[in-house]
Amino acid sequence: MFTGIIEELGTVEALDLLDGDSARLTIRGPKVTADAGHGDSIAVNGCCLTVVEHGDGLFTADVMRESLQRTSLGGLEKGSPVNLERAVQAHARLGGHIVQGHVDGTGTIASRTPGEHWEDVRVATAPEILKYVAEKGSIAIDGVSLTVTDVDDASGTFGVSLIPTTLELTVLGRNQVGDTVNLEVDVIAKYVERLLAGGTK
């Protein structure tokens with residue numbers, strides 16, 4: 001489990017596609033690898049990956065077909081910046097919200113409106129994801145825990161506001177209009193929907 005508080009902005013060293021349905025991703029992240037061990041979980045742009053190799057500030061993880069299809073990881077290339085977060089420890093503060101690292105799908109940066117000390121960003125996504133997004137609720141965008149400022153069902157978009165720290169220390173400060181981002185909605189909403197539907201479908 002993660003909290004959506006990014007620890008480090010890492011750099012992709014290599015993305016090797018294997019047989020068209022999986023990949024091996026190598027990332028430089030000195031902070032998150034300082035105490036990493038084989039089998040540890042590290043969220044990369046919000047996607048939970050398992051460390052299979054590590055050393056010299058690098059770690060390597062396998063990316064399965066499901067992750068390549070649901071996330072933007074397949075579009076990374078050498079030199080791409082990525083958000084990194086280690087799994088939260090039981091005694092640590094939950095600074096953001098409960099983030100599983102199980103990306104539900106992707107969205108597209110629809111607009112960016114700079115303010116004096118922050119920036120308003122709108123993200124477009126599919127109806128099957130947008131239905132779980134609620135005003136003042138939480139959402140993880142590329143692994144960053146954010147509060148939803150509003151939802152516009154007519155345009156298929158929702159808004160978030162980014163503070164200077166988020167703009168400086170995460171990939172969200174570098175994303176341009178049209179860029180793809182990973183989205184994870186609040187898991188509680190999905191469980192509630194399933195229970196109300198009968199829970200056996």
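Biologist: In which strand is the place of Val-82?
Modeller: Val-82 sits in strand β6, residues 81–86. Helices (H or I, at least four residues) and strands (E, at least two) are DSSP runs, numbered from the N terminus. Before going on: this is a predicted model, where local features need pLDDT of at least 70, side-chain atom pairs count only at pLDDT 80 or more, and totals for chains, interfaces and linings use all residues. Residues are numbered from 1 along each chain as its sequence is written, and side-chain values use heavy atoms, with hydrogens and water left out.

Biologist: Is Val-82 buried or exposed?
Modeller: Val-82 counts as buried because its relative accessibility is 0%. Buried means under 20% relative accessible area, exposed over 50%, and partly exposed in between, with a 1.4 Å probe and protein chains only.

Biologist: What does Val-82 touch?
Modeller: Not counting residues up to four places away in sequence, Val-82 touches Glu-8, Leu-9, Gly-10, Thr-11, Val-12, Ile-27, Val-44, Asn-45, Leu-76 and Val-171. Contact means heavy atoms within 4.5 Å.

Biologist: Asn-45 is on that list. Where is Asn-45?
Modeller: Asn-45 is in the turn of the hairpin formed by β3 and β4, with two residues between the strands, and has a positive phi of about 50°. Most residues other than glycine have a negative phi.

Biologist: How many bridges join β3 to β4?
Modeller: Four bridges join β3 (residues 41–44) to β4 (residues 47–55), and the two strands run antiparallel. Two strands pair if DSSP finds at least two bridges between them. Ala-43 has Cys-48 in β4 as its bridge partner.

Biologist: And which way does β4 pair with β5, parallel or antiparallel?
Modeller: Antiparallel, over four bridges, with β5 covering residues 58–63. Glu-53 stands opposite Thr-60 in β5. β4 and β5 also form a hairpin with two residues between them, and Asp-56 in that turn has a positive phi of about 55°.

Biologist: Switching topic. Which strands run in the closed barrel?
Modeller: The closed barrel has six strands in the order β7-β8-β11-β10-β9-β12, with antiparallel pairing. Neighbouring strands of this sheet are turned by 45° against each other on average, direction ignored. Axes are lines fitted to C-alpha atoms, for helices over the stretch in contact, and angles run from 0 to 180 degrees between N-to-C directions.

Biologist: What joins β10 to β11?
Modeller: Four bridges, between residues 144–152 of β10 and residues 157–162 of β11. Val-148 has Val-160 in β11 as its bridge partner.

Biologist: What about Lys-136, buried or exposed?
Modeller: Lys-136 counts as exposed, because its relative accessibility is 61%. Lys-136 is in the loop between α2 (127–130) and β9 (138–141), and its phi is near 70°.

Biologist: Which helix holds Thr-166?
Modeller: Thr-166 is in α3, residues 164–169. With a relative accessible area of 12%, Thr-166 is buried. Leaving aside neighbours within four places in sequence, Thr-166 is in contact with Val-144, Leu-172 and Gly-173.
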